[in-house]
Every structure is written in structure tokens, then in C-alpha cells.
Amino acid sequence: MSSSHLLFLLPAFLAASCTHDPVFKTPEKVDADKLPHVEQLMVAPPALPLHDQVAKGGPVVIDVRLTVQEKKMKIGPNASIWALTFNGSVPAPIIVAHQGDYVQVTLVNPKTNSLTHNLDFHAATGAMGGGDLSEVAPGQEATIRFRVIKPGVFVYHCAPGGAMVPLHVASGMNGAIMVLPRNGLTDENGDAVKYDRAYYIAEQDYYIPKDEQGKYKEYDTPSAGFADMLQVMKTLTPTHLVLNGAEGSLTNENAMQAAVGQKVLFITSSCNLDARFHIIGGHADLVWNGGSFNDKPATDYETWAVPGGSAVAALYQFREPGVYAFLDHELIKALVFNAVGQVKVDGEWNDDLMKQVAKPHASE
Ligand SMILES: [Cu+2]
């Protein structure tokens, strides 16, 4: 066969070797009522629920239960908030599914709560991401089922309408879902890539009102603080910016763990503000910009961007032991506001990658 023939065949070969569904394809309908159900037990971030990286068999219905907890939460040494949470954590638990699965979420709003809540999944299609179908007053529960047709990482959040949307989101009511390709993740060459560990990290902005003495105010109920909080929000200047809900959530005894040689998947999100994540002394080997697993991952980033209202996944193989700062490289956010975490990495030091050639000493 001549080389011109080979060139002619190239586009067909590339199309055939691509395992992704076309972007505009709506999957064929399945009788979801006949599919097996798999209960997913939610865990508090940064942990992920137990899951397979490569799907075993065909689509399933993943059952998820989220219970709203309105609770006072300390977010820093001098401030607390009426956190509005799904299952008690900020961010809310991350859900993991595979492309083509169905996610069946029961949202429970106990009668001891004071506000109406719902769920807007950026991974879902129609009905305000499910928001229109999942709104529950205190004492109610509702169940929605949506199919995850696009692979990637996406945020979900409460969206009860109007200014209540940012008020609830800025009170902690946001989380993420990871929709893996059925065959798992692929690297920049299209080859399968597995992670040894995964963590979910969310940047959270808070707008806590102060009293005349400059002390952060506290309120008897969540809604009692909303009018004051709205005034702080209008400045577009948060009073607190943290990772995973509160200062210190991911540092010291709460640090993320890894070992030299392990590939760690970081799912990062920010529901309101733009964020940018960086590992001091490390990199992102792979970044799925915009959160899409249908796109080829970018390679060797120093810092990756997370536009407000989205999640982005980055994979890094740790090559040196030590305590790495994991932060927003808007350094004021990281080191004045405390939007910082840590990854503690065990293993053998590699002199080839870094070595102190001369200890600090008096210069000649
Ligand atoms: Cu809410």
C-alpha cells in the first residue's frame, strides 16, 4: 500500500481508536427500573467513597442518601457559621459513578431544620440540574434519578432560588461528583492510567458579618444572619477562604497522606470563586482542564485553574518524601486567609532530584 493510501486511512484509524462517545451523542434509553442498584456510602472529604476505577459490567443505579444538617461550625479561631451541609461536611461528600450510570439521590431535610434546600448537579441534564425536582422543606424528603452522560468532575450545590443560592453555597452547601469513563482514566497518550489514592479538596469562601467592635457575629438561626451576610457578600470580598470548610481541615493531623511512587488524584473544586491549585515542590503530571475526562489531559503543570462553579482533576506521582503544602497559589488566599493544606509523603529521598550541595554558611 502506498504512503498516500495510509494517510487516507489515518482519520478512520484515529476515529476507531478513540474509545470516547461523541460529545453530541445521547445514550440509548435503558429501562433503569430493571438495572441493579448499588448503594454508595458517603464519606466526609477529602476521602472518596469505595469505588472501582474501571466499571464492572454495564450501567447500574447508584443509590446515594444526602441528609441536610444545619449546624454551627467553627471555621477559624475567631469565627463560626451556621453551616448548611449535606451529611454534615463542608464540602459535601463526593459521589463517584461511571459514564452511563444512573445516580439516584434521596435528599432528606429533617424537620429539625429551618430552611428549604435542593440539589443542582452540574453533571445532570435538565430541570435545573435536578434543582426543580428535589426541593424539600423541613420534614420532607425527595428522590431524583439522573443519568451521568458526560465523563468528568463536576460540582453540585444547593440552589433554592434568588439570593438564597449564593447564601447557601457560601454557607458550605456544595460538593462534587466524579464520573469516570467506563474503562477508567487515560493519560496524554490515550493509555490507561490508575491512581493509587484520591482526595477531594474544595475551596470555600465565607462572608461573616462583624459587630461594632470588629468581632465576628454569631446568630441564633441560619436565616437570622442572612441580611448581614448579604451586605458582606455585596463587597465580593470574603472574610474567610479555606480548604475543606475550616482552617486546619487538611493540615497537621488532618494532612493528606501518600508515599513516594504513588499516583494521587486530586479532585479540586470551587463553587463560587476562581481558584488555582499548586503543590509546593511538586507538579500536576496530568490535568483534566475544565474537569472533562473526554479531553486529553494536559501535562506537567505547575498550577492548575479551577473556574468558580467547576471541578478539575489533577494527577501527580510523588517522587520525593516530605510534607508538601497544597494551596491556592493566590498566595494571599493561601497564607493570609489560610486556603492551605498538606500532603505528607513517606519514602526514600532521591538525591538525584534535589540535594543540598552546601549547607548555609558564612559567605566568603
Ligand atoms: Cu440549601
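Strand β16 and strand β21 (residues 322–328) pair in the antiparallel sense, with 3 bridges between them. This pairing belongs to a predicted model. Within β21, D328 is the bridge partner of F277. Strand β16, which covers residues 275–279, is also joined to strand β19 (residues 303–306); these two run antiparallel as well, with 4 bridges. There, F277 stands opposite W304. The table sets out the two pairings.

| β21 | 322–328 | antiparallel | 3 bridges | D328 |

How many of the residues of β16 are buried? The count is 5 of 5, and the strand is described as mostly covered. In a regular strand, side chains alternate between the two faces of the sheet. In β16, A275, F277 and I279 lie on one side, R276 and H278 lie on the other, and both faces are covered.

**Domains**

The domain assignment divides the chain into domain 1 (27–184) and domain 2 (193–346). The centres of the two domains, taken over C-alpha atoms, are 19 Å apart. Domain 1 gives 40 residues to the contact and domain 2 gives 44 residues. On the side of domain 1 that touches domain 2, at least two residues come from each of β2 (61–76), β3 (79–86), β8 (152–157), α2 (164–169) and β9 (174–180). By type, the residues on this side of domain 1 are 26 nonpolar, 12 polar and 2 charged.

**The nonpolar core**

The largest nonpolar core holds 94 residues, and A176, I177, I267 and A314 have the most contacts inside it. Where does this core lie relative to the two domains? Domain 1 and domain 2 both give residues to the core, so it lies between them. For A176, setting aside neighbours within four places in sequence, the residues in contact include P91, I94, V153, F154, V155 and Y156. Also in contact with A176 are Y200, I267, S269 and A311.

**A residue in a loop**

K150 sits in the loop between β7 (140–147) and β8. Is K150 buried, partly exposed or exposed? K150 counts as partly exposed because 18 C-beta neighbours lie inside 10 Å, whereas a buried residue needs 20 or more. Leaving out neighbours within four places in sequence, K150 is in contact with A123 and V179. K150 and G347 are 197 residues apart along the chain, and their C-alpha atoms are separated by 37 Å.

Technical notes: Residues numbered from 1 in each chain as written. Predicted model: local features only at pLDDT ≥ 70, side-chain atom pairs only at ≥ 80, totals over all residues. Core = buried A, V, L, I, M, F, W, Y, C linked by C-beta atoms within 7 Å. Buried ≥ 20, exposed ≤ 12 C-beta atoms within 10 Å, placed from the backbone. Domains from an automatic or database assignment. Contact = placed C-beta atoms within 7 Å. Nonpolar A, V, L, I, M, F, W, Y, C, P; charged D, E, K, R; others polar. Pairing = 2+ DSSP bridges.
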